[in-house]
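Please read this report alongside the sequence and the coordinates. It goes from the sheet to the core and then to single residues.

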Amino acid sequence: MDASSPTAIIKVVLPKLPFLLQTAAAHTLGLSSTSSKWDLRTELTVRFIRSLMTSPKPTPIGKQQRMTLKDPGIKGPIWISKITVPPPEEDDVSKSLNNVIDALKEGGEVHTPARIAPVEAEWTGYRAGVDQHRHRLDLSEAQHYDRLMKEVTSDITVLYFHGGALFLMDPASHRPTCMRLAKMTGGRCLSVRYRLAPKHAFPAALLDALIAYLSLLSPPPGSYHDPVPAKHIVFAGDSAGGNLCMALLQFILQIHRSSPSVTPTIRFHGHDVEVPLPAGVAPNSGWMDLTRCMPSIHTNSHYDYLPAPPSEDMIKHFPQDDMWPTDPPRGDLYCETSMLCHPLVSPLAAKDWKGTCPVWLAYGSECLTDEGRIVARRIAQQGGNVIWQEYEAMPHCFSLIFEHMPGGVKCFESWVQFMKDVVEGRAIESHGLFVAAKSLEETAVDVRRMLEHVSDKAVDELMMEARVKRSTGEEGEAKVLPRL
């Protein structure tokens with residue numbers, strides 16, 4: 001759907017009108033199971049999105065992807081400067097990534113190394129003093145970058161990875177989020193157009209993410225920006241973008257483990273570039289487990305719009321197109337099923353977070369909450385500094401969708417404050433919060449003891465069991481419907 005087209009919006013909403021009226025009536029009369037937690041706007045929005053994502057007639061993968069890649073244009077209080085990071089002539093980046101992938105394998109995993117390619121991205125900044133309808137100035141991309149930088153007031157550079165289940169969305173779809181981050185931090189965002197599955201399987205997206213980070217640290221010839229110190233960079237992303245944040249962090253931790261006495265380097269555009277940790281990492285509703293095996297996938301489904309894993313019957317009748325299934329066939333949109341429990345595919349599988357930079361994690365009462373809890377628990381137990389926030393009854397990526405709702409505002413402001421704190425050098429100590437719906441009352445949470453009844457061994461067993469089922473075809477493809 002083209003969100004900028006009134007006609008397209010009407011075509012989608014009109015058939016749902018009786019359902020929306022029924023939903024509004026149930027909420028108003030207190031007959032909805034969530035009416036005590038949600039306001040009417042939240043109820044209508046979540047149930048409407050859920051109805052679109054659980055259609056009995058699923059849309060082919062290629063059509064889904066194309067619908068989310070439409071560029072609505074650039075207007076309003078935002079600066080955009082489009083760039084392309086050229087591929088380095090050296091293959092050191094690809095070799096470094098593949099060495100880490102191989103080092104973290106436990107046996108039997110198979111992947112095909114990705115080729116290095118140009119990486120497109122958008123520098124995003126806040127453009128003050130203009131209304132929502134002001135069109136983009138007719139300037140070169142370099143001039144747009146210069147104008148953007150004139151309004152930057154802090155050292156913060158957010159390296160942003162958009163959500164979309166690793167096969168949907170684009171920096172264009174996430175311009176409002178990056179603009180808000182730039183406005184509230186006083187900094188700038190580099191939003192990465194990483195390669196999407198299923199055409200580009202793992203590790204293509206992660207390779208693009210790594211190249212984007214290296215380009216900040218050591219700009220290739222022709223770049224608009226000067227080198228950015230790692231202490232000024234924060235990795236951030238929503239949903240699948242959160243997955244890339246944590247996978248990139250795990251890659252950096254692994255190369256540091258392999259070279260404990262010196263800061264590791266990667267040859268990039270003729271320079272040996274040191275690869276330090278960033279100032280912080282901040283996934284918002286991050287997707288940590290591609291096996292989708294944790295209990296909250298089902299227990300929190302009544303608060304979320306994300307679909308549960310599809311039935312075997314739905315898989316059997318899922319429409320094929322030129323994008324899916326792949327040739328040769330692959331059991332998962334993003335990777336070979338043998339790789340589903342690899343730490344750079346599912347960060348939930350990562351056992352070692354020692355030495356990490358500060359991490360901020362926020363979730364609603366959503367399908368992905370449990371996997372976030374386990375990752376946060378491991379980081380805290382291993383001496384890392386992690387901030388955990390859980391918002392009662394809120395769905396996936398609620399702070400991006402409900403930007404005017406008090407809970408959404410509170411979460412987004414915390415996201416921004418973390419970025420300011422880590423870049424400005426303020427100490428971060430592990431702590432957790434549970435934020436009640438509507439009242440926003442905060443209750444302290446011991447991050448080290450979250451989900452105590454699910455041991456690390458049990459998590460490993462759940463993930464392996466899910467991987468085996470996917471490999472043998474018992475559960476089929478688990479992401480046939482969009483996950484924003």
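The model is predicted, so local features need pLDDT of at least 70, side-chain atom pairs count only at pLDDT 80 or more, and totals for chains, interfaces and linings use all residues. Residues are numbered from 1 along each chain as its sequence is written, and side-chain values use heavy atoms, with hydrogens and water left out.

## Sheet and packed helices

Helices (H or I, at least four residues) and strands (E, at least two) are DSSP runs numbered from the N terminus. Two strands pair if DSSP finds at least two bridges between them. An open sheet of 10 strands has the order β1-β2-β4-β3-β5-β8-β9-β10-β11-β12, with mixed pairing. Its edges are β1 (78-85) and β12 (442-445); each has a single partner strand, so one side of each lacks a neighbour in the sheet. On average, neighbouring strands are turned by 20° against each other, direction ignored. Axes here are lines fitted to C-alpha atoms, for helices over the stretch in contact, and angles run from 0 to 180 degrees between N-to-C directions.

Strands β3 (residues 157-161) and β5 (residues 233-238) run parallel and are joined by five bridges. Within this pairing, Thr157 has Ile233 of β5 as its bridge partner. Helix α9 (residues 240-258) packs on the sheet and touches β3, β5, β8 (280-284) and β9 (359-364), its direction making about 140° with that of β5. Contact means heavy atoms within 4.5 Å. Helix α14 (residues 406-423) also packs on the sheet, touching β3, β5, β8, β9, β10 (386-391), β11 (431-435) and β12; its direction makes about 165° with that of β8.

## Interior

Residues are called buried under 20% relative accessible area, exposed over 50% and partly exposed in between (1.4 Å probe, protein chains only). A nonpolar core is a set of buried Ala, Val, Leu, Ile, Met, Phe, Trp, Tyr and Cys residues joined through side-chain atoms within 4.5 Å. The largest such core has 141 residues, and Leu159, Tyr213, Leu248, Phe251, Tyr334 and Trp415 have the most contacts inside it. Helix α8 (residues 204-217) supplies the largest share of this core, 12 residues. Not counting residues up to four places away in sequence, the residues touched by Tyr213 include Leu159, Ile233, Phe235, Leu248 and Pro278.

Helix α7 (residues 175-185) is largely enclosed by the rest of the structure, because eight of its 11 residues are buried. Its buried residues pack against β1, β2 (119-126), β3, β4, α13 (398-401) and α14. Just after α7, Gly186 takes a positive phi of about 80°.

Rings of Phe, Tyr and Trp (its six-membered ring) pair if their centres lie within 6.5 Å; planes under 30 degrees apart count as stacked, over 60 as edge-to-face and the rest as tilted. The whole structure holds 10 aromatic pairs. Phe202 and Tyr334 make an edge-to-face pair, 5.8 Å centre to centre with 65° between the planes. These two residues are 132 residues apart, Phe202 in the loop between β4 (188-193) and α8 and Tyr334 in the loop between α11 and β9. Both Phe202 and Tyr334 are buried. Elsewhere, ring pairs link Tyr160, Trp360, Phe412 and Trp415 into a cluster.

Leu348 lies in the loop between α11 (312-316) and β9 and is buried, with a relative accessible area of 0%. Its C-alpha atom is 5.5 Å from that of Asp289, 59 residues away along the chain.

## Cysteines

A disulfide is a pair of cysteine sulfur atoms within 2.5 Å; a search of the whole structure finds zero.

| Cysteine | Closest cysteine sulfur | Distance |
|---|---|---|
| Cys189 | Cys178 | 4.4 Å |
| Cys293 | Cys341 | 7.5 Å |

Cys189 is buried at a relative accessible area of 0%, and Cys293 also counts as buried, at 14%.

## Backbone details

A cis peptide bond joins Trp324 and Pro325, with omega of about 5°. Another joins Asp327 and Pro328, with omega of about 0°.

His269 is not a glycine, yet has a positive phi of about 50°. His269 sits in the loop between β6 (265-268) and β7 (271-274) and is buried at 18%. Cys397, also not a glycine, has a positive phi of about 55°.
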